[in-house]
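Q: I have a structure open and some questions about how to read it. Can we go through it bit by bit?

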Amino acid sequence: MGEIRLIEVKEDILSDNKREAQELRGLLKQSKTFLLNLMSSPGAGKTTLITRTIERLRDTFRMAVIEADIDSTVDAQKIAGLGIPAVQIRTGGFCHLDASMVRKGLDALDLDRLDLVIIENVGNLVCPAEFDTGSIKNAMILSVPEGDDKPLKYPLMFTVSHALVVNKIDYLGLSDFDMEALSIRVRALNRDIEIFEVSSKTGRGVDAWAGWLAEQVNAFVA
Amino acid sequence: MHELPVMQSILGIVLRHALMHGVKRVHSISLDVGELSDLEEEWMQKYFDHLSRGTVAEGARLKVRWVKAVLVCDGCSTRFELDRNRSEPPACPGCGGTRLSLASGREYHIKDMEAE
């Protein structure tokens, strides 16, 4: 047996993905394309919120959507039905998207002719939070039926998101969801997060969310 | 849930450093992981064992140091651990303040490795 040495590594566990994500952000800066990574659990309303966002912003920005699905193309078909370019990435069982998968999606789009690309990440509150997609900003949805305790159970996603959309507020009257308690929990993890109370169904709050997104895009492409 | 790609990344980094240092065998790898991340130690080791088969890192033991999630109060600078089992929203034990910042708990580092 040889001599045992201690070798310093001092690297981020996902440094390869981080590097790739940084490269992607460089490309996006060049083409002046804002990339939003939208995350949530399954059924929180990602596709519907994206649809509402497209309706609000399609006259202002040239948009496209990258759809991540473990194995179906239902969501991509919905978006394409609106006349917006949609790229489907099948993750083949993976619970998240990483920067190299997003790169493939972006390669299928004409970035020079796009201002805003939205990634609909895999429906999952855990894994997508760990992997930098190369996005300029991250947003997440928490829907009222999921409960206000989710920041305790799935804290990481709340720490990496710039905006939180609390969706399905039309259900508030039917539940004991405490918006104030949610807000304190979320801000303890991430004090600068923007919180939007939204019902994609009734349209309430969608303008405020879309307005925030438009500001981010304008600031980035300016 | 996502331990497999995470362990793949760790193995890649470890093998790169092993090559740089002319290592014949990696005995252990020390990681600092914030407790807000959702990795399971048992699965990390299982996936690592599977992925590292036939490499110089085969049989290496993962030593995970879990870093506590610590909050700091804006008002009085008290530092306290985030208790995820508490159902009430977090508040400063010193002054009751709810303007808090996260000081640690998101670490995700490979620190060093023991090798020969």
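Q: Is B:H50 buried or exposed?
A: B:H50 is exposed, because it has 10 other C-beta atoms within 10 Å, and the cut-off for exposed is 12 or fewer. Keep in mind that this is a predicted model.

Q: Which helix is B:H50 in?
A: B:H50 belongs to helix α2 of chain B, residues 41-51.

Q: And how many residues apart along the chain are B:H50 and B:G22?
A: They are 28 residues apart, and their C-alpha atoms are separated by 23 Å.

Q: Switching to chain A. How many residues of strand β2 are buried?
A: Six of the six residues in β2(A), which spans 34-39, are buried.

Q: Which residues are on which side?
A: A:F34, A:L36 and A:L38 are on one side, and A:L35, A:N37 and A:M39 are on the other. Both faces of β2(A) are covered.

Q: What strands does β2(A) pair with?
A: β2(A) runs parallel to β5(A), residues 116-120, with five bridges joining them. A:F34 stands opposite A:L116 there. β2(A) also pairs with β6(A), residues 137-143, again in the parallel sense, over four bridges. In that pair, A:M39 has A:M140 as its bridge partner.

Q: Now helices. At what angle do α1 and α4 of chain A pack?
A: The angle is about 30°, and the axes of α1(A) and α4(A) are 8 Å apart. Angles under 35 degrees count as roughly parallel, so α1(A) is roughly parallel to α4(A).

Q: Which residues make that contact?
A: From α1(A), they are A:N17, A:E20, A:A21 and A:L24; from α4(A), they are A:A99, A:S100, A:V102 and A:R103. By class, the contact has four nonpolar, two polar and two charged residues.

Q: What about the largest nonpolar core, how many residues has it?
A: The largest nonpolar core has 93 residues. The ones with the most contacts inside it are A:I119, A:V165 and B:V26. α1(B) gives the largest share of this core, six residues.

Q: What does A:V165 touch?
A: Leaving out residues up to four places away in sequence, A:V165 touches A:L49, A:A139, A:I141, A:F196, A:V198 and A:W209.

Q: Which residues of α7(A) are buried?
A: In α7(A), residues 179-189, the buried ones are A:L182, A:R185, A:V186, A:R187, A:A188 and A:L189. What covers them includes α5, α6, β7 and β8 of chain A, along with β3 and β5 of chain B.

Q: You mentioned β3 and β5 of chain B. What sheet are they in?
A: They are in an open sheet of three strands, in the order β4-β3-β5, with antiparallel pairing. β4(B) and β5(B) each have a single partner strand, so one side of each is left without a neighbour in the sheet. The twist averages 35° from one strand to the next.

Q: How many residues of chain B are in contact with chain A?
A: 34 residues of chain B are in contact with 33 residues of chain A. On the chain B side, β6(B) gives the most, with eight residues. That side divides into 15 nonpolar, eleven polar and eight charged residues.

Q: What strand of chain A is joined to β6(B)?
A: Strand β1 of chain A, residues 5-12, is joined to β6(B) by six bridges, and the two run antiparallel. A:E8 stands opposite B:D112 there.

Note on methods. Residues numbered from 1 in each chain as written. Chains lettered and ligands numbered in written order. Predicted model: local features only at pLDDT ≥ 70, side-chain atom pairs only at ≥ 80, totals over all residues. Contact = placed C-beta atoms within 7 Å. Nonpolar A, V, L, I, M, F, W, Y, C, P; charged D, E, K, R; others polar. Pairing = 2+ DSSP bridges. Axes fitted to C-alpha atoms, helices over the stretch in contact; angles between N-to-C directions. Parallel < 35°, antiparallel > 145°, perpendicular 65-115°, else oblique. Buried ≥ 20, exposed ≤ 12 C-beta atoms within 10 Å, placed from the backbone. Core = buried A, V, L, I, M, F, W, Y, C linked by C-beta atoms within 7 Å.
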